[in-house]
Amino acid sequence: MLGASYSMKFIYDTGIRHKLFHHVRLCGSWDAEGRLSERGTERPMREVVAPDGAVVFEAEVDLDPREVGKEFRWSVVHDGPLGFDREGIVTEQHGSGHDALHRVFVLTDDPGREERYYLTHVRRLGARKVRLPNAPEPGLRFAVWAPNARKVEVVFGDPNSGYIADDGTGIDPARPVLALAKEADGVWSVGPETEPKLARFADFAGAPYMYRIENEDGALTYRTDLHSRAQIGTGDKNPNGAPYEGPASELDGVVSCSLVVDTEVVQSEPASKDGELVGEDDFWRDEFNHLNPFPHRIDDMVIYELHVGSLGFGKERPGNLEDAIALIDYLSDLGVNAVELLPIAESNGTRTWGYGNSHHFAIESSAGGRDRFRHFVRACHRRGIAVIVDVVYNHYAPNGERAEWHYDSAREENNVYYWYEGKPSDYPNPDGGYLDNLSTGFAPRFHEEMVRKLFISSAAALVMDFHVDGFRVDQTTSIHAYNVIHADGRPAGAANEAGAKFLRELSRTLRLLRPTTLLTCEDHSDWVLVTEHPDGAGLGFDATWYSNFYHNLIGDTGRGADCANLLHTAGMGGNGGLALDRFAEVLLTTRRKTVVYHESHDEAGNSEHSARTLMVAIAASGDAPAPSGELRRIAEARVRFVAGITLLSAGTPMFLFGEEIGATKDFTYDGFLENREDLLGEREGNGRFLFRFYSELIRLRRRHHTFATANIEIMSVHNTDRVLAFHRWSGPEHYLVVSTLSDTGFPDGYSVPVPVDAQGTWREVFTSDAEVFGGSGISNEETLTVSDSKLSVRTPPRGFVVLRHVPHG
């Protein structure tokens, strides 16, 4: 074939149906004659729509046959939501650094060769609707990644039981068994091109299925589809491979059959099985209400952390998304403009916080599934509330035998979704090569691109298909810093590097698809690159959860004298000094891209020594009786103090559901059902004063842009007097927050310095001691005048006031 050019086709597959990119160009390390060249060339790529509905870009290049055996590079540049001339390939070339955003190949003499890059696998894997040219209606394609499998088939389950046992019991004999063919990258697939039985998608919509895999050693196993959009089980039962004859509704979704789902339609009435199906574009058409401002920046958000399963007070079942939709009016009245959900991906069981994820594309079936979740997001958006989802990428569901564990091989080193170092013979026990990372399972195999794409594509689906606004990534330190070999605890540096690579690729992809996607994380490393842009080797997060703020402000988890432990110490009684100077340093740090909170899911009774804020305020445990009378009044005053510090800090404020009504019961991962609290009822009852306080202070923060800036300085701190005063400003606007945990306060005034550029007069705009908040009404009713660069501020016991500078003229 010497003398004839080799024609190669290059394909950039976005994996999504939305047309986001234009002016797409192929860049390659070849010249106009197809010879290897450092300067390279650029040519346009044409847009097509693939049978699976994904937007794809293609280009052909003729390469010189004399270059066979040489290594070439190619990349993609396009214009899109993120701007002009953006890199379209977000996956880092192995071993080449964070900025090596290209693909490589060695030219061979294979005719008709293709080079393909998938931005996401949203439409590549799973059970997907496909439209073939000239086909009268859509068909169905199955695709699964099983690189070690000898053989893969799709088998359908009995819809009544929804489970297929290890011996094949539960297979629906009325449905065909479909053989999949192996393609590139270890992907197996079958579709209507080769299997006429799959010509009509409608024949299979809603059908339960599993993959029957002959694994690497020849054993037959049954596995769920990890790219499934829904699992049939909505209960807690796990047959553990035995025949099952019970109802599908009682099965744990993790082990139950996957379902064929039409992702392009939405049920109009999510509470009814007979609701009309509408196209997703029509469903989202009236998503926003221009009368309700919507937050697009993390700085403008006040975040409400919510566990859906803890709703449904008075009902025998866990809370679900219908309960969450019913709570939106309550959230709107409270004034929060962002709700952060504990994980909602399919996880083990129903009595769970959701951190044992297995199927990242599927919404937890027991909570109501994908359609109810889309209704929840749309309802939030109509009220001006952003939706943030907690996602777990540092481990899988502990009992994942029908999911990730030994998916296509029983050999530990080929357990494809898990990182394994070396071979089993290297260790006394076969599990010695797995990695621990201070989470509840072994570490994922982040050096494998297909594993990284699983997580990244599921996040992309949440953004594109569910219109989720952002993510809180759980325990990122476990991904990029904590990895050690299980056998002996030796550091696994390569795993940490691969974890950081994954996080960079995650942030690149999401920002490429929608630049406003919010990314926060739980990270304890203090690594400056966590919140830096990935173009400069950063991980790309907007902010990190600042747990040190909580431990110093509340201090109920036994951190000792290294923390200020303000509320815990005050709650112990007495009016001695507090380490406010230590806390002042923490408060200043809130300006460094942080999410701050005085209560989160981890420390509301689940961590050792911890309890709900109202109980810590009086040094009571979560199983003690709720305070009443004078004791409740004192506790609420201290709660108002810590909530005020959080909401007026320079970080993005967040608090756990129930704080706004003074929840008292422990919130634990295995006891939340027994300890549910009546949010709606308490709002009108014992929690009415706190709810009013929260709603008015939240509106103060949201109304004034100053509180959304990083500008903060300490004006006064006195440990013995228990006083902390700080200044917030933006341009000519100045606010002074004067707070104290003193049991007597300073009703006759406390001298506080003011900023040099804010002399003159000040006026009180908020007091935590207002009678409508259950306080005694101590306030500064008259305009305050600066004297010798100081103000004398009346400060209530266990409370704070907010003053605003009155400009001259």
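**Exercise 1. How many residues of H7 are buried, and what is its span?**

Start with burial. A residue is buried under 20% relative accessible area, exposed over 50% and partly exposed in between, with a 1.4 Å probe and protein chains only. In H7, 18 of the 21 residues are buried, so the helix is mostly covered. H7 covers residues 493-513. Helices (H or I, at least four residues) and strands (E, at least two) are DSSP runs, numbered from the N terminus.

Now take the span. From its first C-alpha to its last, H7 reaches 31 Å. The expected span is 1.5 Å times one less than the number of residues.

Keep two points in mind for every exercise. This is a predicted model: local features need pLDDT of at least 70, side-chain atom pairs count only at pLDDT 80 or more, and totals for chains, interfaces and linings use all residues. Residues are numbered from 1 along each chain as its sequence is written, and side-chain values use heavy atoms, with hydrogens and water left out.

**Exercise 2. Find the order of the open sheet of 4 strands.**

Step one: read the order. It is E4-E5-E1-E9, with mixed pairing. Two strands pair if DSSP finds at least two bridges between them.

Step two: find the edges. E4 (46-49) and E9 each pair on one side only.

Step three: look at one pair. E1 (residues 6-13) and E5 (residues 55-63) run antiparallel over 8 bridges. Ser7 has Asp62 of E5 as its bridge partner.

**Exercise 3. Is strand E11 enclosed or open, and which strands does it join?**

Count first. All 7 of the 7 residues in E11 (residues 139-145) are buried, so the rest of the structure largely encloses this strand.

Check both faces. Gly139, Arg141, Ala143 and Trp145 are buried on one side. Leu140, Phe142 and Val144 are buried on the other.

Then trace the partners. E10 and E11 run antiparallel, joined by 5 bridges; Val130 pairs with Gly139 there. E11 also joins E15 (residues 187-190) through 4 bridges, again antiparallel. Here Phe142 has Val190 as its bridge partner.

**Exercise 4. Where does Arg124 lie, and what does its side chain touch?**

Locate it. Arg124 sits in the loop between E9 (114-118) and E10 (126-130). Its relative accessible area is 13%, so Arg124 is buried.

List the polar contacts (N or O atoms within 3.5 Å; within protein, one must be able to donate a hydrogen and the other to accept it, and residues adjacent in sequence count only if both atoms are side-chain atoms). The side chain of Arg124 meets that of Tyr118 at 3.5 Å and that of His121 at 3.3 Å.
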